[in-house]
Amino acid sequence: MIMKKRRVLAAVMLGMLLITGCGPSKEQPVKNIKIGISVYDQYDTFVGQMMTAFNAYATQKQEETGITINVEIYNASGSQSTQNEQVESMIEEGCNVICINLVDRTDPTTIIDTAEKNNVPVIFFNRELVEEDLGRWDKLYYVGAEAFESGIMEGELAAEAFHEQEELDKNRDGIFQYIVLEGEVGHQDSIVRTEYSVNTMIQKGVSVEKLGYAIANWNRAQAQTKMNQMLEQYGSQIELVLANNDDMALGAIDALKAQNIPQGDWPAVVGIDGTDVGLEAVRNGEMIGTVYNDKEGQAAAMLELAYTLSTDGAVSSIDKLNGNTIRLPYIKISAKEAEAFTPPGAEGY
Ligand code: BGC
């Protein structure tokens with residue numbers, strides 16, 4: 001659904017009319033709005049599912065309000081300079097608000113300057129810019145989650161499994177030997193999730209030993225390759241795979257399957273996100289648990305904020321907005337909870 005072209009292509013045309021000009025007009029009621037979105041990589045499972053949810057909420061909002069909502073989604077394909085150019089295009093095309101999933105979260109300057117010059121508000125999401133950058137203009141917002149929460153929950157899932165299932169301690173030495181599959185270097189969720197999950201296991205009374213780690217950039221195929229290498233190196237010593245997200249957890253499982261290792265001999269595998277495929281793997285017993293990263297809640301919050309900024313601008317009516325930030329809570333999902341789990345959806349929006 002996400003288009004590759006730099007110039008605007010209508011990925012989702014929810015209405016028939018195109019608008020001109022930016023920002024709401026005080027004199028005339030707004031009849032249509034245009035929201036431009038740029039994602040760092042359209043093939044990212046979590047971000048892709050969040051965009052699907054966003055489109056669904058936009059359709060719903062349009063039906064509720066009678067205001068035409070045009071949503072255009074661009075793929076930055078991992079290039080910050082492409083994303084900067086996409087922002088120029090969105091502004092030329094008259095977007096009322098721009099939503100940015102930064103490629104490089106340390107490099108939002110060009111986007112902020114362009115948006116400020118044209119007075120178009122920006123909602124950053126999922127890839128968090130530093131506080132100092134977010135404070136550079138009063139029309140900058142962030143929608144996401146608190147990274148450390150997911151790390152704590154992942155650590156709790158691993159600790160609970162270790163205490164409850166003695167067969168997970170394969171060599172019966174009382175120590176959980178683990179490896180880590182990490183997301184991108186420099187991403188707030190990679191650094192923080194790893195640190196908090198390991199510390200939480202220790203706090204929950206688990207003795208741990210790190211055998212190794214590998215960076216797999218959130219990506220299932222890369223994780224499979226890295227897992228193959230670590231299986232070669234550590235073999236059955238690995239008792240736990242701590243993955244920074246579900247896609248990498250699934251990549252580890254792909255490797256275990258490809259090497260024909262019987263499921264009874266697998267290490268425990270735990271992830272974060274609760275994507276459709278991740279939840280399925282918890283339900284069928286391949287993963288011991290996951291942590292739900294509320295893509296629906298984040299999408300709904302972003303839509304509500306984008307809609308408000310494009311119409312009456314009364315953002316103070318958005319109760320989840322704290323300063324210029326909205327953070328949705330994570331939810332811990334153990335194997336026992338996975339069957340009955342349904343995504344919380346857009347409660348309150
Ligand atoms: C998600 C990952 C995703 C990444 C992209 C994280 O919050 O958990 O699955 O790949 O964001 O920025």
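**Close-up views of a predicted model**

**View A. Asparagine 260 lies in the loop that links helix H8 (246–258) to strand E9 (268–270).** Residues are numbered from 1 along each chain as its sequence is written, and side-chain values use heavy atoms, leaving out hydrogens and water. Although asparagine 260 is not a glycine, its phi is positive, at about 55°. Asparagine 260 counts as exposed because its relative accessible area is 68%; the cut-offs are under 20% for buried, over 50% for exposed and in between for partly exposed, with a 1.4 Å probe and protein chains only.

**View B. Asparagine 119 sits in the loop between helix H3 (109–117) and strand E4 (122–125).** Its phi is near 55°, a positive value in a residue other than glycine. Asparagine 119 is classed as partly exposed because its relative accessibility is 43%.

**View C. Six strands form an open sheet in the order E2-E1-E3-E4-E5-E11, with parallel pairing.** Two strands are taken as paired if DSSP finds at least two bridges between them. Strand E2 (68–75) and strand E11 (325–327) stand at the edges with a single partner strand each, and therefore one side of each has no neighbour in the sheet. On average, neighbouring strands of this sheet are turned by 15° against each other, direction ignored. Tyrosine 142 belongs to strand E5 and is buried because its relative accessible area is 1%. Its C-alpha atom is separated by 15 Å from that of valine 120, which is 22 residues away along the chain.

**View D. Strand E2 and its parallel partner, strand E1 (residues 32–39), are joined over eight bridges.** Among the residue pairs, isoleucine 33 has isoleucine 69 in E2 as its bridge partner. The chain passes from E1 through helix H1 (residues 45–65) to E2, and this β-α-β crossover is right-handed, a term used where, with the strands pointing away from the viewer, the path from the first strand over the helix to the second runs clockwise. E2 is largely enclosed by the rest of the structure because eight of its eight residues are buried. Thr68, Asn70, Glu72 and Tyr74 point one way from the strand, whereas Ile69, Val71, Ile73 and Asn75 point the other way, and all are buried.

**View E. Strand E6 (residues 175–182) is mostly covered, with seven of its eight residues buried.** E6 pairs in the parallel sense with strand E7 (residues 207–215) over eight bridges, and likewise with strand E8 (residues 240–243) over four bridges. Isoleucine 179 has glycine 212 as its bridge partner in E7 and stands opposite valine 241 in E8. Together with helix H6 (residues 188–203), E6 and E7 make a right-handed β-α-β unit.

**View F. The axes of helix H7 (residues 220–234) and H8 come within 7 Å and cross at roughly 50°.** H7 is therefore oblique to H8, since angles under 35 degrees count as roughly parallel, over 145 as roughly antiparallel, 65 to 115 as roughly perpendicular and the rest as oblique. The axes are lines fitted to C-alpha atoms, for helices over the stretch in contact, and the angles run from 0 to 180 degrees between N-to-C directions. The crossing of H7 and H8 is right-handed, meaning that the near helix is turned clockwise from the far one by less than a right angle.

**View G. Strand E10 (residues 289–292) is covered on both faces.** Gly289 and Val291 on one side and Thr290 and Tyr292 on the other are all buried. E10 runs antiparallel to strand E12 (residues 331–334), to which four bridges join it, and threonine 290 has isoleucine 333 as its bridge partner in E12.

**View H. Cysteine 95 counts as buried because its relative accessibility is 0%.** Cysteine 99 is in no disulfide, and the nearest cysteine sulfur, that of cysteine 95, is 9.1 Å away. Cysteine 99 is buried as well, because its relative accessible area is 0%. With a disulfide taken as a pair of cysteine sulfur atoms within 2.5 Å, the count comes to zero disulfides.

Notes:
This is a predicted model: local features need pLDDT of at least 70, side-chain atom pairs count only at pLDDT 80 or more; totals for chains, interfaces and linings use all residues. Helices (H or I, at least four residues) and strands (E, at least two) are DSSP runs, numbered from the N terminus.
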